[in-house]
Amino acid sequence: MNLHLAGGRIIDPANNRDEIGDILVQDGVVKQVGRVDAGQADVKRIDCAGKVVAPGLIDIHVHLRVPGQEYKEDVASGTAAAAAGGFTAIACQPNTQPPIDRAGIVRQIAELAVGASARVHVIAAVSIGLEHKELVEMAELKDAGAVAVGDDAFPVQDSGFLRRAMEYCHMLDLPYIAHCEDKSLTGDGVMSEGYVSTVLGLKGIPRWAENIGTARNAQLAMATGCHLHVLHVSTKESVEIVRQAKRLGAPITAETCPQYVSATDEACIGYNTNAKMSPPLRTKEDQDAIKEGLADGTLDLIATDHAPHAAHEKEREFALAPFGMIGLETSLGLVITHLVKPGVITLAQMVDKMSTQPARLLGVPGGSLGVGDVADITVFDPDLQWTVNPAVFKSKSRNTIYGGTELTGKAVATIVGGRLIESAS
Ligand SMILES: [Zn+2]
């Protein structure tokens, strides 16, 4: 089936395009952009008037839970959630059971993802068993299809080990995807250290745990030449550290997530375990600095840190519940509501941060709507108002703080390789 996306606002930062026009999708690629000859046979016409037509959104920070924790999420449910949220591709993080530390597991995930509702790119673990004692066989993992190496959820503490890992990454031209945190400062903290943690009587995680991790990793990027990608920036100091590192010429990119610009540590009041995440929700001051970082380009991209957990795991006392919140189906609405509508970033900047930059970082298809490019496309309505209802999520999990929240902006069609996946109403 070929597709004629008619009369939408095409926003394609990779090709400097922001204009009303048509797109013809044929045989899985973008065939024409601008004006399309109507009335061709075997073409499904989709009216995109009043909608934005953008290169498919790419989320590089998804805990797909495959292999080993399919009760939280699996390839079918995770990619369906992605498509529902407007994502045509995701990259899955390696802290699975077993971890993604061998080429065979990378290939297994790729096989499971054939025909799924979104593309799945694989980020390999940096160490065997996530133990940071023995490096993985990076060349083999790369041959098997891994697009990056990283340590999310289990940040490397040993700087010497990380230096070696980053030297190998640099040699193999793989980005290093880092969860920046000094665990000795985190201890058994469960939320951001501050006024709210004191009031709730919960153990705090000092902001310095993240800041020191970010600063050290930025130094190692400069020392090794390895491309460092900083995951989920949540503090104002981390924004400034990334800004300074970039000024010094460090090969570094950074992301934040919608929750860090739309919620604060006050979401933990009432001991809501869905608000427990790592890094923890911070303060209004941090939000403001993150917004500034997004606007001036210090923060290159926006990812979700989609971290599904079963209800019984979150329904425990705060200190014992696991860290993490889902995000694929609320990300676009949160970003438009909290960043685009208030004028923090433009729609074009949003598309850049949620599609073009992620594709560039991982060196994967997508992120661009030039003629001949793969037809990964998201059509969204930037003005559609809706209420978040976790009961209808495609994800297997429901751990979100946004149930009942009114948002503006929603994907209405997600096209992966020319295939129409999700079409609302
Ligand atoms: Zn993380």
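**Entry 1: a helix to start with**

What should the 13 residues of helix α10 span at 1.5 Å a residue, and how far apart are its end C-alpha atoms? I worked this through on what is a predicted model. Helix α10 covers residues 284-296, and its 13 residues should span 18 Å. I found the end C-alpha atoms 19 Å apart, which agrees.

Next I looked up which α10 residues are buried, and they are Asp286, Gln287, Ala289, Ile290, Lys291, Gly293 and Leu294. The buried residues of α10 pack against α8 (236-247), β14 (252-256), α9 (259-262) and α12 (331-340).

**Entry 2: domains**

I then stepped back to the whole chain. It is divided into domain 1 (2-52 + 374-423) and domain 2 (56-362). Their C-alpha centres lie 25 Å apart.

How many residues of each domain are in contact with the other? I noted 32 residues of domain 1 against 44 residues of domain 2. On the domain 1 side, the elements giving two or more residues are β16, β17 and β18 (419-423). Strand β17 gives the most, with eight residues. By class, I listed 17 nonpolar, eight polar and seven charged residues on that side of domain 1.

**Entry 3: strands around β16**

β16 (residues 377-387) came up above, and I followed its pairings. Strand β5 (residues 52-55) pairs with β16 in the antiparallel sense over four bridges. β16 also pairs with β17 (residues 406-416), again antiparallel, over eight bridges.

**Entry 4: the core**

Last, I went looking for the largest nonpolar core. It has 134 residues. Those with the most contacts inside it are Ile23, Val120, Val122, Ile123, Ala124, Ala146 and Val149. Which helix supplies the largest share of this core? Helix α13 (residues 347-362) does, with seven residues. The core draws at least three residues from each of domain 1 and domain 2.

Leaving aside residues up to four places away in sequence, Ala146 touches Val106, Val122, Ile123, Ala124 and Leu141.

How values were computed: Residues are numbered from 1 along each chain as its sequence is written. This is a predicted model: local features need pLDDT of at least 70, side-chain atom pairs count only at pLDDT 80 or more; totals for chains, interfaces and linings use all residues. A nonpolar core is a set of buried Ala, Val, Leu, Ile, Met, Phe, Trp, Tyr and Cys residues joined through C-beta atoms within 7 Å. A residue is buried if 20 or more other C-beta atoms lie within 10 Å of its own, exposed if 12 or fewer, and partly exposed in between; C-beta atoms are placed from the backbone. Domain bounds come from an automatic or database domain assignment. Two residues are in contact if their C-beta atoms, placed from the backbone, lie within 7 Å. Two strands pair if DSSP finds at least two bridges between them. Ala, Val, Leu, Ile, Met, Phe, Trp, Tyr, Cys and Pro count as nonpolar, Asp, Glu, Lys and Arg as charged, and the others, Gly among them, as polar. The expected span of a helix is 1.5 Å times one less than its number of residues.
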